[in-house]
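This briefing is intended for a reader who has the sequence and the coordinates at hand. Please consult both while reading the points below.

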Amino acid sequence: MVAVSSVLLVFGLVTGLQFVNTDVLHENELGRILTPLGANFFDYFHKESLHRVSSKMNTECLTDMAEVANGISSQKVWALKMIDSWGFIPSGIFTGETFDLGNFDECLSIARVTEANRKIRGKYCFLIAKSIKIATCFPVSCFADDMTPLLNNIIQNKLNTNISIKISETSCQTNDREPWNVLTVFTIVILSVLSIIATLATLYDYFFCEDQSGIPIIVKSFSARANSRVLFRIVDNKSNPNVIECLHGIRCMSLIWVIFSHEFIFATTSPNLNMADLLKWAQKPLASFVLDGYFSVDSFFVLGGLLVSMIVLRTMEKSKGKLNPFMMYLHRIIRILPVVAMAILIYMTMMPVVSGGPMFKGGYHGTHFCARNWYWTLLFVQNYAVLNICLDHTWYLAVDMQLYIISPILLIAIYKWGKKAAAGICVLIVLLSGCLFATQMVNNYSLLIRNDDDDGVANKKLYLATHNHAAPWLIGFLFGYFLHLNRGKKFELSKLTVWSGWILSLAMLFTSIFALYPAGKFDSPPISVLAESCYYTLTRLAWPLAICWIIFACTQGYGGLANSFLSSPLWQPFSRLSYSMYVWHMLVQEVNSRNVRTTTYFSAYQMMLRFWRDFGNTLLMSYVLYLIIEAPLSGFDSLLRRRRESPPPSNLKLIADQSEETENQKPEIENLAVTQNRMNS
């Protein structure tokens with residue numbers, strides 16, 4: 001997910017700043033067109049004879065334009081609004097501003113019935129001059145083909161310049177709301193039904209269920225009261241020695257890193273006043289935390305492999321080696337698939353319903369990809385099947401699901417052959433690392449900022465491919481096996497060993513982030529393909545090993561302040577909500593970034609403000625959708641398990657509090673689907 005963000009951020013920085021070159025617009029040309037375009041246009045139209053313009057526009061547009069021109073001459077407020085809502089040539093194009101959004105709402109508010117009994121309404125469109133976009137406002141009867149020739153006449157004749165411009169019809173908007181299509185109505189109906197059911201279940205729970213132990217399973221599954229109680233429950237870290245408390249903190253910190261990195265994607269597509277400063281920021285050392293933020297994904301893969309190994313091996317030990325892969329897959333699909341399906345519907349349909357603005361034409365940016373490729377996302381093979389993925393960030397779900405599908409083979413092997421199978425997995429890690437190295441070397445692929453791979457093939461083969469992410473997952477899997485073998489054992493380590501472990505792990509973490517700086521950062525010296533291939537291959541091993549040490553040190557009492565921070569009980573509710581937050585955070589970010597009415601300003605401080613705004617909105621939205629979508633799925637999965645299980649053995653408290661399971665669940669093999677569901681954040 002963050003790898004895609006880094007590539008998109010880089011692409012936005014490189015392409016969005018091409019206009020800074022002074023060759024795009026010469027200074028003498030700028031001086032000629034700084035006069036307000038709207039005033040020039042209507043003044044030109046008013047002075048031209050009708051026979052010169054009548055052949056360039058339809059009759060209705062011609063009539064309405066004449067009415068507007070007369071209204072301007074008569075100083076009518078409604079007509080003056082049409083000029084006032086136009087944009088200007090952006091102030092500061094050499095600092096990166098390529099947008100002037102004018103006044104979107106003023107243009108769309110124009111509605112005037114003239115003396116000729118014609119209703120004139122405003123139509124907001126973008127005028128495009130090379131890479132610059134300027135707001136325009138015309139009567140709704142006029143189309144881009146009507147306006148473009150006239151505007152070119154102004155630019156070429158009156159202002160004596162050869163700059164070619166056009167009006168983008170696809171950018172035009174009016175105050176007419178597009179009618180909801182069948183898919184939008186379907187989405188709203190589903191959300192409404194789920195909300196009503198949750199409300200009724202909550203009311204029943206509150207007024208008729210004084211004894212929570214006797215609440216019906218259906219009511220408990222949908223009750224916001226019951227699900228909130230589970231979500232915000234704080235479990236004493238000392239109540240279960242098998243719980244690895246620091247995983248909550250690692251998971252949540254990684255999610256925060258992901259959301260913060262994604263914030264910068266939308267900064268590159270926003271109408272920034274100073275896009276050039278974003279370019280300067282990207283060349284600073286601290287920018288590596290965003291540009292190389294894809295290591296947060298490897299942390300999730302480590303946690304995913306660890307939990308699969310540790311939890312299922314303990315369950316297999318109790319059941320004498322029995323494992324039902326079909327039920328593993330079924331429970332995981334129940335937990336994951338419906339949320340993804342609902343996400344596709346909401347992303348595709350609800351953005352234009354909940355918001356709008358000059359940058360909002362068309363809604364979600366990947367709507368057309370979802371219309372063509374949605375089924376690959378539901379099959380969790382989109383990272384291989386298509387280049388343009390429906391819901392960009394769901395590539396991670398595909399990779400994690402594919403690794404989960406092969407996990408029963410590894411679990412059975414390691415249960416039967418133990419350390420021999422572990423050695424075989426180590427060999428597999430080496431082979432996969434060699435595959436990554438060879439792929440990058442042979443094809444001369446790069447993921448650096450100056451990557452010339454505009455078609456995204458390098459990103460697809462290097463980063464989205466499951467086999468290139470298997471190494472961190474397998475390292476986590478082996479570490480889970482290690483914890484399984486040594487559960488309850490206390491390792492007595494000397495201070496020298498502990499300090500050496502921490503220094504080495506921190507060195508691997510920070511080297512992974514900063515090793516290439518400033519290589520690939522625009523004007524920096526080039527880096528060889530061999531060096532970059534070694535970097536990407538070795539960091540796939542160094543990062544997960546460092547994460548494993550942190551987990552080991554925290555579980556063994558050598559974590560110090562790190563363990564106190566990562567194991568804080570306050571992470572637990574956030575951790576249970578992490579999957580929902582991952583699924584919905586980019587929806588919130590895109591809505592907020594495209595809902596602007598004026599140009600924005602880029603700075604590290606402003607990005608932090610935007611991050612916390614979007615983070616808070618994501619948290620609230622995730623909580624609501626968790627209550628009506630995800631939590632009921634947990635209850636359904638629990639009901640399915642109860643029907644299939646024999647009477648549960650007593651005193652089996654494996655690592656129940658590592659998941660967000662509902663109070664009615666038995667903390668045994670159920671933890672597998674639950675905790676793995678959470679790892680998909």
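The points that follow treat disulfides, salt bridges, nonpolar cores and selected local features.

The model is predicted. A search of the whole structure finds 4 disulfides, and the structure holds 11 salt bridges. The largest nonpolar core has 133 residues.

**Disulfides**

- With the bonded cysteines of the chain numbered in sequence order, the pairing reads 1-5, 2-4, 3-6, 7-8.
- C107 lies in helix α7 (residues 104–108) and C137 in strand β4 (residues 132–139), so the link ties together parts that are 30 residues apart in sequence.
- The torsion about the S-S bond of C107 and C137 is about 90 degrees, so this disulfide is right-handed. C107 is buried, with a relative accessible area of 0%, and C137 likewise counts as buried at 0% relative accessibility.
- A disulfide also joins C125 to C172, with an S to S distance of 2.0 Å. This pair links distant parts of the chain, with C125 in strand β3 and C172 in strand β5, 47 residues apart.
- The link of C125 and C172 is right-handed, with 115 degrees about the S-S bond. Both C125 and C172 are buried.
- C370 and C390 form a disulfide in which the sulfur atoms are 2.0 Å apart. C370 lies in helix α18 (residues 367–378) and C390 in the loop between α19 (382–385) and α20 (395–417), so the pair ties together parts that are 20 residues apart in sequence.
- The link of C370 and C390 is right-handed, with 90 degrees about the S-S bond. C370 is buried with a relative accessible area of 0%, and C390 counts as buried at 1% relative accessibility.

**Other cysteines**

- C209 is buried, with a relative accessible area of 8%.
- C426 is partly exposed, with a relative accessible area of 38%.

- Side chains of opposite charge can pair when their charged atoms come close.
- R121 forms a salt bridge with D176, the closest N and O atoms being 2.9 Å apart. The pair links distant parts of the chain: R121 is in strand β3 (residues 119–129), while D176 is in the loop between β5 (165–173) and α9 (182–208), 55 residues apart.
- R121 is buried, with a relative accessible area of 16%, whereas D176 counts as partly exposed at 45% relative accessibility.
- D298 forms a salt bridge with R540, with the closest N and O atoms 3.6 Å apart. D298 belongs to helix α15 and R540 to helix α25 (residues 529–555), so that this pair links distant parts of the chain, 242 residues apart.
- Both D298 and R540 are buried.
- R613 forms a salt bridge with D614, and the closest N and O atoms are 3.0 Å apart. R613 counts as partly exposed at 36% relative accessibility, whereas D614 is buried, with a relative accessible area of 0%.

- In soluble globular proteins, nonpolar side chains tend to be buried together.
- Within the largest nonpolar core, of 133 residues, those with the most contacts are L306, L411, I414, I551, W584 and I629. Helix α15 (residues 295–318) gives the most to this core, with 14 residues.
- Apart from this core lies another, of 39 residues, among them Y124, M147, I154 and I155.
- Leaving aside its neighbours within four places in sequence, I551 is in contact with I244, C246, L247, I250, L303, L306 and F479.

**Helix α5**

- Helix α5 (residues 59–73) has 15 residues and reaches 21 Å from its first C-alpha to its last, close to the 21 Å expected at 1.5 Å a residue.
- The buried residues of α5 are C61, L62, D64, M65, V68, A69, G71 and I72.

- D146 is placed in helix α8 (residues 144–158) and is buried, with a relative accessible area of 8%.
- The C-alpha atoms of D146 and I167 are separated by 9.2 Å, the two residues being 21 residues apart along the chain.
- T600 is found in the loop between α28 (578–594) and α29 (604–644). At 19% relative accessibility T600 counts as buried, because the cut-off is under 20%.
- The side chains of T600 and N272 are joined by a polar contact of 2.7 Å. Not counting residues up to four places away in sequence, T600 touches S270, P271, N272, L273 and N274.

Terms used:
Residues numbered from 1 in each chain as written. Predicted model: local features only at pLDDT ≥ 70, side-chain atom pairs only at ≥ 80, totals over all residues. Heavy atoms only, no water. Helix = DSSP H or I, 4+ residues; strand = E, 2+ residues; numbered from the N terminus. Buried < 20%, exposed > 50% of the residue type's maximum accessible area, 1.4 Å probe, protein only. Polar contact = N/O pair within 3.5 Å; in protein donor to acceptor, adjacent residues only side chain to side chain. Contact = heavy atoms within 4.5 Å. Core = buried A, V, L, I, M, F, W, Y, C linked by side-chain atoms within 4.5 Å. Expected span 1.5 Å × (residues − 1). Salt bridge = Lys/Arg side-chain N within 4 Å of Asp/Glu carboxyl O. Disulfide = S-S within 2.5 Å.
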